[in-house]
Amino acid sequence: MTINKNDEFIIDIFDIGSEGEGIGRHEGFTLFVKNALVGDKVKVKVMKMKKNYGYARLMEILEPSKDRVKPKCELAGKCGGCSIQHLDYQKQLEYKQNKVKNCLVRIGGFRDEINLEPIIGMENPFYYRNKAQFPVSKDKDGNVVIGFYAGGTHSIIDTSHCYIQAEVNEPIIQKIREFLVQHNISIYNEETHEGLVRHILTRVGFTTGEIMVCLIINGNDLPKKEKLIQSLCEIPNMTSISLNVNKEKTNVILGDRVTPLWGQPYITDYIGDIKYQISPLSFYQVNPVQTRKLYETALSFADLHGDEVVWDLYCGIGTISLFLAQKAKQVYGVEIVPQAIQDAKQNALINNITNAEFFVGAAEDVLLVKYKEESIYADVIVVDPPRKGCDESLLETIISMAPKRVVYVSCDPATLARDLKYLSNNGYELKKVQVVDQFGHSVHVETVVKLEKK
Ligand SMILES: C[S@@+](CC[C@H](N)C(=O)[O-])C[C@H]1O[C@@H](n2cnc3c(N)ncnc32)[C@H](O)[C@@H]1O
């Protein structure tokens, strides 16, 4: 029996994949079906076949899963942002909890020792993001389009409203769109690498209400910028307007250089009692409400009593470091982006925190040099790496330093499981695992893990 492209049949969906896609089977072949859910009976059309699995398109839902809900957003399923808005939110949480557990078992090789706390979900899984990045382009008729990429593509769905972004983005995008059209500002073309305006970045301080707008341009200046400033300043709480120069032929959104146009070069926001200054290039968690729960978990896992030395690796603008500094004797933060470290130092200053020091550089290099040359010590090491996880050489240094506890904050359960396996094979015991939902309606998941030296 073979299955060919364009074949159609009816299948039952019995599992969910790592990208939220439904998994079904036909004649022994596994089929991955985007937008299908466990419990759905669906008609599908085969798009691509490999040796014993393939990808099929959902043509019709014949019997819906009991977990299926009507998405609020009419673009859900098309836009690449919310891949599981059609799944009941409580079931999304179950899915994320299982995703972490499966990675720990399959990749990490853990079994009974996983002490998985109940997942911390969101009270309101809508309008929760404080940061948005809108690509700007022109359609085939020459109209300006601003919105979000359709899933897995670079074609833009033209929209200024999004159910998971801050609501103030809508007037911001409308004003920028009017400005671009009225003044005939050139728009970047990915294929020819010509044109000026590439992306719009917005950030909102959820506690302070402060708003940042940054236009990413393929050039050095924006014509008629005073008109844009005037228009954006009609929005209450506008705080920072800037340009970011990105002349590279790349999918990376931001370039290295920021030119302030109006207001402060940053916005401020609070997580708990700590105030943070955030500039366009700095990493800042996108869901401030859940971030507080995440950091409180990290702080409780660090189990500080006031006399500990703590290293916070991949510290960004010092968010976790300053949280920990409230309870530690001394905190050292390490981060690769120089601008973020400037923000971290400034953040320590504005909060009168004097027991936190920050270093620029790759965590794996800085920690090794400090350990070899200055014989530094740590009671607790916290890591919060990007998706690719920790460099193995960093894990080696951590093991040599032998801190009492390691707290691992992760946005990728697969690399988390890989790194935990390494630590657990080298003298650390997995004590607690806490999943926190930071990204409702997407398949992304954030996890905090406590490890102790055996
Ligand atoms: C997931 S973020 C965590 C930031 C911070 N802990 C927070 O909660 O806001 C990861 C950070 O690691 C930084 N980074 C990436 N590679 C790095 C490396 N090799 N060494 C140090 N920092 C790195 C990124 O710039 C980013 O700020």
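These legends walk through several close-up views of one predicted model. Residues are numbered from 1 along each chain as its sequence is written, and side-chain values use heavy atoms, without hydrogens and water. Because the model is predicted, local features need pLDDT of at least 70 and side-chain atom pairs count only at pLDDT 80 or more, while totals for chains, interfaces and linings use all residues.

**View 1. The largest nonpolar core.** Here are 80 residues, of which Leu180, Val197, Trp311 and Leu313 touch the most other members. Domain 2 and domain 3 each give at least three residues to this core. Apart from it lies another core, of 37 residues, including Tyr276 and Val407. (A nonpolar core is a set of buried Ala, Val, Leu, Ile, Met, Phe, Trp, Tyr and Cys residues joined through side-chain atoms within 4.5 Å; buried means under 20% relative accessible area, exposed over 50%, and partly exposed in between, with a 1.4 Å probe and protein chains only.)

**View 2. Around Val197.** Leaving aside residues up to four places away in sequence, Val197 touches Val136, Leu180, Tyr188 and Leu222, among others. Contact means heavy atoms within 4.5 Å.

View 3. The structure holds 0 disulfides, a disulfide being a pair of cysteine sulfur atoms within 2.5 Å. For Cys73, the nearest cysteine sulfur is that of Cys162, 6.6 Å away. Cys73 is buried, with a relative accessible area of 15%. The sulfur of Cys390 is 11 Å from the closest one, in Cys411, which is too far for a bond. Cys390 is also buried, at 5%.

**View 4. Helix 8 against helix 9.** Helix 8 (residues 392-401) and helix 9 (residues 413-424) pack at an angle of about 35°, with their axes 10 Å apart. (Axes are lines fitted to C-alpha atoms, for helices over the stretch in contact, and angles run from 0 to 180 degrees between N-to-C directions; helices are DSSP runs of H or I with at least four residues, strands are runs of E with at least two, and both are numbered from the N terminus.) Leu395 and Ile399 of helix 8 are among the residues making the contact, as are Tyr422 and Leu423 of helix 9.

**View 5. Asp67 in its loop.** Look between strand 5 (53-63) and helix 1 (89-106) to find the loop with Asp67. Asp67 counts as buried, at 14% relative accessibility. Its contacts include Leu37, Val38, His86 and Lys91, not counting residues up to four places away in sequence.

Conventions
Domains from an automatic or database assignment.
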